[in-house]
Amino acid sequence: MLIQPPPDIASSEITEERIFLNRREFIHTAAGATLGVATGGLALGKDAEAMSLGQEEIPNVQPGPFGTDEPKNSFEDITSYNNYYEFGLDKRDPSRNAHTLTTSPWTIRVDGHVAKPADYHIEDLLKGIPLEERVYRLRCVEAWSMVIPWVGFPLSTLINRFQPTSKAKYVEFTTVLRLSEMPGARRPVLDWPYVEGLRMDEAMHPLTILAVGLYGKTLLNQNGAPIRLVVPWKYGFKSIKSIVRMRFTADQPRTAWNKATPNEYGFFANVNPTVNHPRWSQRSERRIGRFFRQPTLMFNGYDDQVASLYNGMDLRRFF
Ligand code: MTE
């Protein structure tokens, strides 16, 4: 993001070609990492042996609402073209490097203005929550996009369990920070750990999910294992990966990208083709895997569902 070239120039095509040429190598690396390293996995009703393989089939996934019927990006694209700066800046770095992250055991600290603050084991958090497939567009601020079949559940389900108090106006999310396992985080690209935030009504919105899988299987590390946020009407950087903390706050959280470059990355980060990034246009996007650009839709096409959240707000100012 910060150091990416403007997306309209041809270098993005070059990157694509490089990725294409190296594809076999990626798959090999990714598969080797998954099978070779006992990263564990989520206890989603599988036995311990299956869990030690890392990426598991998730049973009983029901189709969820709000899905797009556009063609999905391939599993290969979704897992080899990533932004996860803790593992490097190149789109290929996360798929190469993220296997070093240990994702089991995994606990999430819930604190701030809630009746039930605690360090929760992820297995306990997920117990009894039905999982859905949600096919969402992900529109990155760098002006590319993908269609991803997430497996997850509404964030509101968890928030309701934690019982936020009336003082809670925002939720702040934090990604794990482990320098020994995250080579990219040893460089001061951002003020680590990666932090994101949502206003409470955005967090409670039925479109907002926590994802634990995609294409019917648990997430690979490069996509934010074991659990990450997906907010489909906002630019991709809001969809924070590998969450270890959820803090309920009275004040607007200071988010990693907003701290780094406030004039480029606002807190709201709603997909908006009429508000350009200072260094490039947001009017169109390139769907990964397609050649021609396509127009970007207001709120990434989810305006019917979410526009009312921002009634009366000047979206040029609150970008
Ligand atoms: N979360 C963390 N912790 N670190 C990151 O660098 N990148 C964000 C978001 N979540 C990022 C992150 C950006 S810019 C995008 S576009 C999406 O993750 C990409 O998600 P994907 O790689 O699963 O497609």
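Me: Is Tyr136 buried or exposed?

Reply: Buried means under 20% relative accessible area and exposed over 50%, with partly exposed in between (1.4 Å probe, protein chains only). Tyr136 counts as buried because its relative accessibility is 0%. This is a predicted model, where local features need pLDDT of at least 70 and side-chain atom pairs count only at pLDDT 80 or more, while totals for chains, interfaces and linings use all residues. Residues are numbered from 1 along each chain as its sequence is written, and side-chain values use heavy atoms, without hydrogens and water.

Me: How many aromatic pairs does a search of the whole structure find?

Reply: A pair of aromatic rings is described by the distance of the centres and the angle of the planes. Rings of Phe, Tyr and Trp (its six-membered ring) pair if their centres lie within 6.5 Å; planes under 30 degrees apart are stacked, over 60 edge-to-face, and the rest tilted. The search finds 15 such pairs. In one, Tyr84 and Phe87 have ring centres 4.8 Å apart and planes at 90°, so they are edge-to-face. Tyr84 and Phe87 are both buried.

Me: Which geometry do Tyr136 and Tyr302 have?

Reply: Their centres are 5.8 Å apart and their planes at 75°, so this pair is edge-to-face. Tyr302 is buried, at 3% relative accessible area.

Me: What sits over the ring of Tyr302?

Reply: A charge sits over a ring if NZ of Lys or CZ of Arg is within 6 Å of the ring centre and within 35 degrees of the ring normal. For Tyr302 it is the charged end of Arg137, 5.0 Å from the ring centre. Lys238 lies over the face of Phe267, 4.2 Å from the ring centre.
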